[in-house]
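Here is a short walk through one protein model. Keep the sequence and the 3D view side by side while you read.

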Amino acid sequence: MNDKAQSSDWPLPKFHFLVQIEGAGPAIAFQEVSGLDTETDVIEYRAGHSKVFDQIKLPGMIKSGNVTMRKGVFAADNVFWDWFNQIKMNTVKRGTVTISLLDQEGSPTMVWTLSNAWPTKITGTDLKSDGNAVSVEAVEFAYETLTIQRS
């Protein structure tokens, strides 16, 4: 049995991934990525001369939700805040966000590419005087198209 067939016997773990954001330097270590979904609107149609009372269903516009990413807060790490603060009068710098699910060797096996993405929301960490957890912030990205590539 070859290695390729043997490696496809088990699902990939979801904890080994890499996020690269155009213009943000090297890959950014995120704790969690959620919202990688897309769907198509359903258009229900019935022709006036149809002898059947059922409607047919046609695919409509494709729509995608926002993608949320969570990461630890580091001192002097203002990449997303600086990007968010560039939003002025309906204009914003857009970039490509690439999320790669990696195999055991660190090679991408599945890649999600968000085109023309920009930060639409940043949620700062919660603060607790009696806690000992790490500070985590969330960044929500809006984007225009989602492409998925499998190796």
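Start with Val67. Its relative accessibility is 0%, so Val67 counts as buried, since buried means under 20% relative accessible area. The model is predicted. Val67 sits in strand S5, which covers residues 67–72. Now look for Pro119. In sequence, 52 residues separate Val67 and Pro119. In space, their C-alpha atoms are 9.6 Å apart.

Ile43, Tyr45, Ile56 and Leu58 make a nonpolar patch of about 360 Å². Two strands each supply at least two residues of this patch: S3 (38–45) and S4 (56–64). Ile56 belongs to strand S4. Is Ile56 buried, exposed or partly exposed? Its relative accessible area is 46%, so Ile56 is partly exposed. The reasoning rests on the limits: partly exposed lies between under 20% for buried and over 50% for exposed.

Now move to the second largest pocket. It holds about 210 Å³ of space. Strand S2 (32–34) and strand S6 (95–102) are the elements that give two or more residues to its lining. Which of the elements gives the largest share? That is S6, with three residues. Sorted by class, seven lining residues are nonpolar, two are polar and two are charged.

Key:
Residues are numbered from 1 along each chain as its sequence is written. This is a predicted model: local features need pLDDT of at least 70, side-chain atom pairs count only at pLDDT 80 or more; totals for chains, interfaces and linings use all residues. Side-chain values use heavy atoms; hydrogens and water are left out. On a 1 Å grid over the protein atoms alone, a cavity is a set of points where a 1.4 Å probe fits but cannot get out, and a pocket is an open set with protein on both sides within 12 Å along at least five of seven lines; lining residues have an atom within 4 Å of a point. Grid points are joined across faces, edges and corners, and a volume is the space filled by probe spheres set on the points. Helices (H or I, at least four residues) and strands (E, at least two) are DSSP runs, numbered from the N terminus. Ala, Val, Leu, Ile, Met, Phe, Trp, Tyr, Cys and Pro count as nonpolar, Asp, Glu, Lys and Arg as charged, and the others, Gly among them, as polar. Patches are made of residues with over 30% relative accessible area and no salt bridge: like charges are joined within 9 Å, nonpolar side chains (Val, Leu, Ile, Met, Phe, Trp, Tyr) within 5 Å. Accessible areas come from the Shrake-Rupley method with a 1.4 Å probe; for residues, only the protein chains shown count as cover. A salt bridge is a side-chain nitrogen of Lys or Arg within 4 Å of a carboxyl oxygen of Asp or Glu. Buried means under 20% relative accessible area, exposed over 50%, partly exposed in between (1.4 Å probe, protein chains only).
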